[in-house]
Amino acid sequence: MKILMMGPPGAGKGTIAEMLSENFGVVHLSSGDILRDAIKENNPLGMKAKAFMEKGVLVPDEIIIELMKEKLNTDKFVLDGFPRNLAQVKKLEEANIGIDIVLNLQVDEETIISRISGRRICEKCGKIYHLKNMPPKKNGICDVCGGKLYQRKDDKPQTIKERLNTYKRQTEELIKYYGEKGILKNIDAGGNKETTYAKITDLEWLKKRRYK
Ligand code: AMP
């Protein structure tokens, strides 16, 4: 089962990918998390990526491809944030890593901005919260592991705009590409995570695989 999550920043790709990972036993591979971990670990590739991420633009393909390569040695995954342009798609195909289904989460821009600016993340386990829509029980503290919640630097207003532009310029064309391949499913993701997840598990493709 090889699933690719698509959609603009703030569409809920990470949240939905986590739910799919828990319920279907697929590995959640978030390129953004992999990059942030590489920075935390002072990995030289992470250090090179840092300035690009802070600006809200894509990091060079060779960096992200190198980091993703070793993680993609499984055939049960949900990819979130990679590939992000056609050059990265090509690399996946050259490595014979096929995608079975692409879930394109669709959300309007106003919702995106409100979601991203309220997003908070646990610094220890990575669980995602939202100050209004999915608040933790205790202010600033993760319900799961007690870790401290933080706001991503690139979730601040000036960078959100740049990330949306980057998405429109470079990533949106993948929707057309996967659409033409016949594996794209558009999902209205403007509601809460339960509603969006229900729409996904209602897809025939996933229903057939539920009990496998
Ligand atoms: P995300 O957590 O998916 O919003 O990604 C955060 C940032 O990491 C992006 O704004 C990019 O700078 C970088 N990034 C994540 N995935 C990729 C990718 N596939 N290609 C290039 N840059 C990426």
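**Briefing: strands, ligand shell and a buried aspartate**

Strand E1 (residues 2-6) and strand E3 (residues 77-80) run parallel and are joined by 4 bridges. Helices (H or I, at least four residues) and strands (E, at least two) are DSSP runs, numbered from the N terminus. Two strands pair if DSSP finds at least two bridges between them. This is a predicted model: local features need pLDDT of at least 70, side-chain atom pairs count only at pLDDT 80 or more, and totals for chains, interfaces and linings use all residues. Residues are numbered from 1 along each chain as its sequence is written, and side-chain values use heavy atoms, with hydrogens and water left out.

- In E4, Met-5 has Leu-103 as its bridge partner.
- E1 is mostly covered, with 5 of its 5 residues buried. Buried means under 20% relative accessible area, exposed over 50%, and partly exposed in between (1.4 Å probe, protein chains only).
- In a regular strand the side chains alternate between the two faces of the sheet.
- Both faces of E1 are covered: Lys-2, Leu-4 and Met-6 are buried on one side, Ile-3 and Met-5 on the other.

**Ligand shell**

- The ligand is surrounded by 16 residues, and the closest are Ser-31, Val-57, Gly-81, Gln-88 and Arg-152. A residue is near a molecule or strand if one of its heavy atoms lies within 4 Å of it.
- The shell holds 7 nonpolar, 4 polar and 5 charged residues. Ala, Val, Leu, Ile, Met, Phe, Trp, Tyr, Cys and Pro count as nonpolar, Asp, Glu, Lys and Arg as charged, and the others, Gly among them, as polar.
- Helix H2 (residues 31-40) supplies the largest share of the shell, 4 residues.

- Val-57 places a backbone N or O atom 2.6 Å from an oxygen atom of the ligand.
- The side chain of Arg-36 has an N or O atom 3.0 Å from a ligand oxygen atom.
- The side chain of Gln-88 has an N or O atom 2.9 Å from a ligand nitrogen atom.
- On its own the ligand has 480 Å² of accessible area, and the protein covers 96% of that. Accessible areas come from the Shrake-Rupley method with a 1.4 Å probe; for residues, only the protein chains shown count as cover.

**Asp-154**

- Asp-154 sits in the loop between E7 and helix H7 (157-171).
- Asp-154 is buried, at 11% relative accessible area.
- Its side chain makes a polar contact of 2.9 Å with the side chain of Arg-152. Arg-152 is also among the closest residues to the ligand.

**The three-stranded sheet**

- An open sheet of 3 strands runs in the order E6-E5-E7, with antiparallel pairing.
- Its edge strands, E6 (128-130) and E7 (149-150), each pair on one side only.
- Strand E5 (residues 119-122) pairs with E6 in the antiparallel sense over 3 bridges.
- Ile-121 has Ile-128 in E6 as its bridge partner.

**Whole chain**

- The chain has 10 helices and 8 strands.
- Of its 212 residues, 47% count as buried.
- Its C-alpha atoms fill a box of roughly 40 × 35 × 30 Å, taken along the principal axes.

Conventions:
Polar contact = N/O pair within 3.5 Å; in protein donor to acceptor, adjacent residues only side chain to side chain.
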